[in-house]
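Trainee: Could we go through this structure together? I would like to learn how its parts are described.

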Amino acid sequence: MVKICCIGAGYVGGPTMAVIALNCPAIEVAVVDISVSRISAWNGDQLPIYEPGLDEVVKQCRGRNLFFSTDVEKHVSEADIIFVSVNTPTKTRGLGAGKAADLTYWESAARMIADVSKSNKIVVEKSTVPVKTAEAIERILTHNSKGIKYQILSNPEFLAEGTAIQDLFNPDRVLIGGRETPEGLKATQALRDVYAHWVPQDRIITTNLWSAELSKLAANAFLAQRISSVNAMSALCEATGADVSQVSHAVGKDSRIGPKFLNASVGFGGSCFQKDILNLVYICECNGLPEVANYWKQVIKVNDYQKNRFVNRVVSSMFNTVSGKKIAILGFAFKKDTGDTRETPAIDVCKGLLGDKAQLSIYDPQVTEDQIQRDLTMNKFDWDHPIHLQPMSPTTVKQVSVAWDAYAAAKDAHALCILTEWDEFKTLDYRRIFDNMQKPAFVFDGRNVVNIEMLREIGFIVYSIGKPLDPWLKNMPAVA
Ligand code: NAI
């Protein structure tokens with residue numbers, strides 16, 4: 001029986017391995033992690049991550065051919081194929097601080113593999129890593145090999161949180177990069193055979209190692225660039241009276257451009273886009289390509305601009321001060337259908353409003369109070385470390401409370417800010433919300449989910465990203 005071990009039971013390792021186990025009943029899959037709490041959650045009723053459809057998949061194969069364990073060394077030594085899906089944070093200190101990937105966890109996983117292995121292994125990079133990481137890992141493994149042969153493959157993951165199970169069952173492509181030697185090709189074939197249990201052959205692409213590593217960074221950079229492009233347009237739409245949804249629709253009808261990923265919003269978030277672009281920028285700089293580096297840097301700058309612009313709109317619309325005013329924040333996760341808050345735009349927006357001394361009442365259907373407090377007190381980039389190594393939040397932010405539902409959050413508030421596009425925010429009883437708010441009552445829709453006309457009829461002053469401005473907002477000071 002082929003044995004697979006995955007190091008790292010996070011948003012990628014957990015769902016990916018569950019789908020492999022479900023589709024390959026003859027393969028034994030063990031997912032291991034240094035975080036005891038994460039592994040016990042995977043073995044319990046409340047999984048550590050929220051992802052539609054994940055519970056069903058895990059329930060069908062857990063204990064059959066899918067196991068979650070903290071016994072990292074045992075499962076690594078027994079495995080034929082080892083996936084490594086650990087954190088790859090942005091460095092906060094030293095060379096490349098603020099840009100380069102910190103490969104501490106990857107390196108320690110590689111050294112551990114070298115220590116405990118007694119048979120030949122295929123080691124698969126699942127984490128997103130800088131180009132040429134495979135080469136570094138290969139060196140660590142071969143210099144400590146004790147005669148054991150390792151083949152390194154790059155198999156970056158393209159799933160999107162919120163649709164991970166769907167994406168894994170029906171991927172646009174599976175990408176496998178490997179050495180073009182007979183041993184490398186054999187290892188590539190072995191991994192191809194795993195995916196071929198459910199992925200059509202023509203969707204499994206093979207490349208050399210570096211192309212696979214770079215393709216992942218490039219794909220995230222292109223996706224984030226689309227969002228920054230439409231967000232840049234949204235600012236121009238507000239200035240000119242055009243409607244960004246109409247512009248996106250018209251632009252997306254061009255088959256060369258396509259309609260996906262063209263929604264204007266308060267900005268992109270998530271653990272990958274910013275981190276991977278910073279990484280790309282760093283690689284370009286190291287390779288003497290400052291123009292290319294600056295080009296991609298601009299995608300992040302526009303994203304930061306969009307978040308600032310939103311905060312400025314809120315403050316300037318409300319008589320240039322939100323000090324002491326209750327503001328309801330609807331949605332904290334970086335997108336709908338996930339509880340993940342890593343790099344969510346809500347953090348920057350909330351911090352911006354807190355900087356102007358607002359009182360925030362936050363509601364998100366999937367994010368806990370503890371997580372919100374941690375996010376609002378944590379330093380930039382500290383989130384991307386195994387949970388037990390993250391700094392504890394020393395204080396709680398007193399101007400922040402967490403509500404049970406949108407109605408409680410909005411009660412007596414001066415304004416509502418919608419920061420995640422949860423479906424339930426489309427169908428709230430806005431009349432009831434309006435009746436219980438201070439007047440004038442404002443809605444700032446950072447995801448373009450509300451029906452603007454209906455809300456204006458109720459009496460709200462509505463700001464929606466990239467839409468023709470409410471007459472109220474036109475008379476307020478211009479925003480930067
Ligand atoms: P995560 O933080 O959810 O999971 C990483 C896990 O690795 C943690 O549970 C941590 O405790 C564990 N870990 C760290 N060092 C370890 C070690 N030496 N031994 C055993 N376990 C260890 O991270 P996530 O989101 O799963 O991401 C993992 C990688 O996949 C990152 O490189 C990320 O950029 C990439 N990726 C993430 C996607 C996403 O949507 N979250 C999508 C595609 C790629």
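Trainee: What should I know about the model before we start?

Mentor: This is a predicted model, in which local features need pLDDT of at least 70 and side-chain atom pairs count only at pLDDT 80 or more, while totals for chains, interfaces and linings use all residues. Residues are numbered from 1 along each chain as its sequence is written, and side-chain values use heavy atoms, with hydrogens and water left out.

Trainee: How are two packed helices described?

Mentor: Two packed helices are described by the angle between their axes and the distance between the axes. Axes are lines fitted to C-alpha atoms, for helices over the stretch in contact, and angles run from 0 to 180 degrees between N-to-C directions. Helices (H or I, at least four residues) and strands (E, at least two) are DSSP runs, numbered from the N terminus.

Trainee: At what angle do α9 and α12 cross?

Mentor: Helix α9 (residues 209–240) and helix α12 (residues 290–317) cross at roughly 45°, and their axes come within 9 Å. The two helices are therefore oblique to each other; angles under 35 degrees count as roughly parallel, over 145 as roughly antiparallel, 65 to 115 as roughly perpendicular and the rest as oblique.

Trainee: Which residues of α9 and α12 make the contact?

Mentor: On α9 they include A221, F222 and Q225, and on α12 they include Y295, W296 and R309. Contact means heavy atoms within 4.5 Å. By class, the contact of α9 with α12 has ten nonpolar, six polar and three charged residues. Ala, Val, Leu, Ile, Met, Phe, Trp, Tyr, Cys and Pro count as nonpolar, Asp, Glu, Lys and Arg as charged, and the others, Gly among them, as polar.

Trainee: And how far apart are the axes of α9 and α10?

Mentor: The axes of α9 and helix α10 (residues 244–252) are 9 Å apart, and the helices pack at an angle of about 135°. α9 and α10 are therefore oblique to each other. V230, S234 and C237 of α9 touch V244, V247 and S248 of α10. That contact has four nonpolar, two polar and no charged residues.

Trainee: What about α12 and α13?

Mentor: α12 packs against helix α13 (residues 345–355) at about 40°, with the axes 9 Å apart. That makes α12 oblique to α13. K307, F310, V311, V314 and V315 in α12 meet P345, D348, V349, G352 and L353 in α13.

Trainee: Changing topic: which residues come nearest to the ligand?

Mentor: Of the 26 residues around the ligand, D33, R38, T88, E161 and K275 come nearest. A residue is near a molecule if one of its heavy atoms lies within 4 Å of it.

Trainee: Where is the cis peptide bond?

Mentor: The cis peptide bond joins K439 and P440, with omega about -5°. P440 is found in the loop between α16 (430–435) and β13 (442–445).

Trainee: And what is the phi of K132?

Mentor: K132 has a positive phi of about 85°, although it is not a glycine. K132 sits in the loop between β5 (121–125) and α6 (133–143).
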